[in-house]
Amino acid sequence: MKILLCSCCLFISFISFAQRIELPTARFITGDDIKYSYPATDDGNWKDIQANIVWDAQGYEKYDGYAWYRFHIVLPASLKTNSLWKDSLRIFLAKIDDVCEVYLNGTKIGKSGSFPEDKEGYITTWNKKQEYHVAISKQYLNWGADNLLAVRVYDGGGAGGIFSGTPYVSMLDLIDGIEINNHSPVEFLSKNKAKKNILLANNFNQRISGTLHYAVIDVENDKAEKHSIPVNISPNGKFTFTIPVTLAERNNLYYEFEEGQTRKKIQLTETIPYLLTPAPSPSPKINGANVFGIRPNAPFLFKIPATGKKPLQYSVENLPAGLKVDAATGIITGSIKTKGDHKMTLIVKNSLGTDKKEFTVKCGDLLALTPPMGWNSWNCWGLSVSDERLKISAQAMIDKGLIDHGWTYMNIDDGWEAETRNEKGEIVSNKKFPDLKKMGDWLHNKGLKFGIYSSPGSKTCGGYLGSYQHELQDAQSYAGWGIDYLKYDWCSYETVYRNEKDTSLAAFIKPYSIMQLALQSQNRDIVYSLCQYGMKDVWKWGATVNGNCWRTTGDIEDSWESLRNIGFNQTSQYAYAGPGRWNDPDMMIVGQVGWGDNLHPTRLTPDEQYTHVSLWCLLSAPLLIGCDLGKLDDFTLNLLTNDEVIAVDQDPLGKQAKQVIKTDTYQVWMKELEDGSKAIGIFNLSDKNDVIRFYWSQLGLTDTHKARDLWRQKDLGIFRSMFATKVPSHGVTLIRIDK
Ligand code: GLA
């Protein structure tokens with residue numbers, strides 16, 4: 001993409017409102033030289049760059065390595081004199097992908113992350129807010145004259161540079177010293193009562209006084225109880241406070257600290273987690289998809305997912321020859337020789353009754369007839385996944401009952417591979433995974449499936465061994481360990497592709513087709529998941545290499561921006577989804593996530609999480625939970641076990657929802673289901689709770705429809721001509737309407 005920048009904005013930094021100097025553009029050069037930090041260095045020949053979007057979007061696509069930004073800033077003396085506190089200058093640099101060092105008039109004022117040549121080696125801090133403070137007494141500041149702010153950046157891969165906000169300079173206020181920490185979870189005391197602890201931290205060396213205002217808001221009924229208390233926090237001190245809450249269905253907590261001298265405020269609103277999925281009935285109920293794809297003669301493994309008071313007793317009518325069902329566990333094993341549709345009836349009983357469900361095993365070439373459902377280690381453990389961590393999540397999958405709703409795959413992502421292959425050239429696991437075959441057997445005995453990760457390049461994205469030139473050998477190893485799912489991640493294959501200098505689509509597809517053949521030659525059903533971030537419209541050719549799913553985007557993270565940008569942009573691929581061929585907008589970001597040793601609760605609000613699950617189900621996306629299931633909380637469990645919502649994802653017709661209404665504030669997505677009914681998601685993308693209305697005719701539908709709320713599993717009645725629903729900010733109403 002070419003972006004035209006006007007060169008006259010070059011030296012102009014402007015004061016957009018009273019005390020903030022915005023820095024929308026900078027001078028820019030790739031490469032590295034310490035002289036670039038010196039004010040005297042001439043940057044006349046450098047290029048202009050926008051300082052709020054990555055350089056890849058501004059003519060430096062795929063540039064990885066060093067680069068420098070230089071901002072020329074006039075600091076008016078009034079900035080200092082108008083400030084009440086007159087203590088320090090704040091330099092805000094949004095986020096910097098990946099590592100940076102910041103110089104003001106030649107003096108280094110800060111650093112974030114670690115450069116490859118540093119003692120610690122390369123450590124990215126791409127997602128960290130970059131803010132630096134400089135005391136106004138510093139001699140090197142030039143008041144009323146030019147100052148040079150130079151930023152040295154290193155990009156270790158993917159996008160690079162300053163992004164996610166416009167940099168600015170301002171004076172610090174006392175309010176900037178206050179941080180509201182609301183990380184402690186809401187404690188539920190009884191059905192209607194809860195409490196929330198919040199902490200105000202004073203990060204400055206100066207006493208700060210003011211008022212804490214808070215309100216508990218009953219969102220549905222628009223009622224609020226407001227309170228105020230005086231607060232006085234000693235230098236670097238803390239103030240803790242417990243807010244008592246009387247619960248309605250949806251409650252928001254609002255808090256605001258108002259600094260006493262300037263009356264400046266900081267505010268936070270949070271939604272108290274609220275459960276929508278009704279508790280499962282004690283009577284037996286068979287959940288999950290009603291089709292299952294296998295290849296002839298491959299080992300068969302399927303656990304009948306069912307809820308109800310334990311013990312349950314499982315049986316199958318018309319079980320095809322070659323299969324047997326374990327009456328106590330519901331695990332069906334064996335193999336089927338003949339191609340074709342094998343129809344049977346699954347039966348589950350307990351002391352309260354019986355449930356039956358028609359089920360078809362399609363024996364042919366196609367796997368993953370409905371989107372794969374399971375767990376993947378990446379969004380929680382990143383490269384620090386281990387055998388033990390995998391086992392904890394697998395056990396929780398069973399103990400918490402997720403397996404009874406169809407959650408099956410337990411997939412290890414990157415980080416399991418040893419540093420070198422063995423003397424036969426075979427890939428082996430590192431010491432975090434002592435015995436993969438044993439792990440496979442353990443999972444299979446419990447009715448779970450086993451997934452693994454590799455790259456067509458010589459190295460994975462995390463720098464571990466990839467499969468390059470060992471594809472067949474690796475596929476054989478996977479089959480030997482009992483692998484059921486392979487995520488195959490482009491990563492360092494980029495180097496091979498570039499070196500071969502063949503830019504044809506065939507050259508691009510080649511590594512995926514090599515692994516396809518290797519997998520196909522194993523007597524094992526291995527779901528094939530292509531991961532190359534959607535390059536070259538993978539949805540158009542993924543099926544030609546027998547890919548069962550393919551990532552359509554870059555990596556997701558647990559923020560509303562990431563969820564919104566990925567989820568609501570899955571518009572062009574919908575026609576390519578179908579049984580065995582799924583668009584994959586990346587794994588789920590619910591529960592405890594962290595991409596490493598330190599996990600945190602997802603930063604998505606409860607409403608954003610309802611949006612996430614609803615949208616992924618409408619998109620027929622693979623559902624891979626990316627959190628530590630050992631620490632699964634009641635809200636996340638409830639979110640992941642709504643069978644009517646999951647049924648939208650697992651619908652055998654395999655259509656993907658289409659965006660049917662898009663406005664600045666809301667969107668409606670509609671998915672056709674096998675029985676002729678439709679699932680419709682009404683999403684509020686705005687920052688305000690709202691009532692959203694639309695006519696059925698806007699969706700191309702007839703005039704009258706019966707609607708059911710899928711999250712609450714409640715019929716809503718008959719709607720003539722139009723539908724209207726209250727939708728919380730960033731939240732969703734998910735309905736199913738009759739034909
Ligand atoms: C890439 C993928 C992620 C994850 C990591 C592992 O970034 O997109 O999903 O697999 O590699 O290194």
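Which helices and strands do the buried residues of helix 5 pack against? The structure is a predicted model, in which local features need pLDDT of at least 70 and side-chain atom pairs count only at pLDDT 80 or more, while totals for chains, interfaces and linings use all residues. Residues are numbered from 1 along each chain as its sequence is written, and side-chain values use heavy atoms, with hydrogens and water left out.

A view of the whole chain comes first. The protein chain holds 12 helices and 47 strands (DSSP runs numbered from the N terminus, with H or I over at least four residues for helices and E over at least two for strands). For 739 residues, a compact globule would have a radius of gyration near 27 Å, and the chain agrees with this at 28 Å (taken over C-alpha atoms, the rule being 2.2 Å times the number of residues to the power 0.38). Along the principal axes, the C-alpha trace spans about 85 × 65 × 50 Å. Of the 739 residues, 56% are buried, a term meaning under 20% relative accessible area, with exposed being over 50% and partly exposed in between (1.4 Å probe, protein chains only). Among contacts (heavy atoms within 4.5 Å) between residues at least 6 apart in sequence, 72% join residues at least 24 apart.

Back, then, to helix 5. This helix covers residues 471-481, and its buried residues are Glu471, Asp474, Ala475, Ser477, Tyr478, Ala479 and Trp481. They pack against helix 4 (436-445), strand 32 (449-454), strand 33 (485-489) and helix 7 (505-520). In general, an α-helix has 3.6 residues a turn, so residues three or four places apart point the same way. After helix 5 comes Gly482, with a positive phi near 85°.

Just after helix 10, Ser620 has a positive phi of about 55°.

Finally, a loop residue can be followed up close. Thr553 sits in the loop between strand 35 (549-551) and helix 9 (560-567). Thr553 counts as buried because its relative accessible area is 10%. Apart from neighbours within four places in sequence, Thr553 is in contact with Tyr533, Gly534, Ile566, Gln570, Asp584, Pro585 and Asp586.
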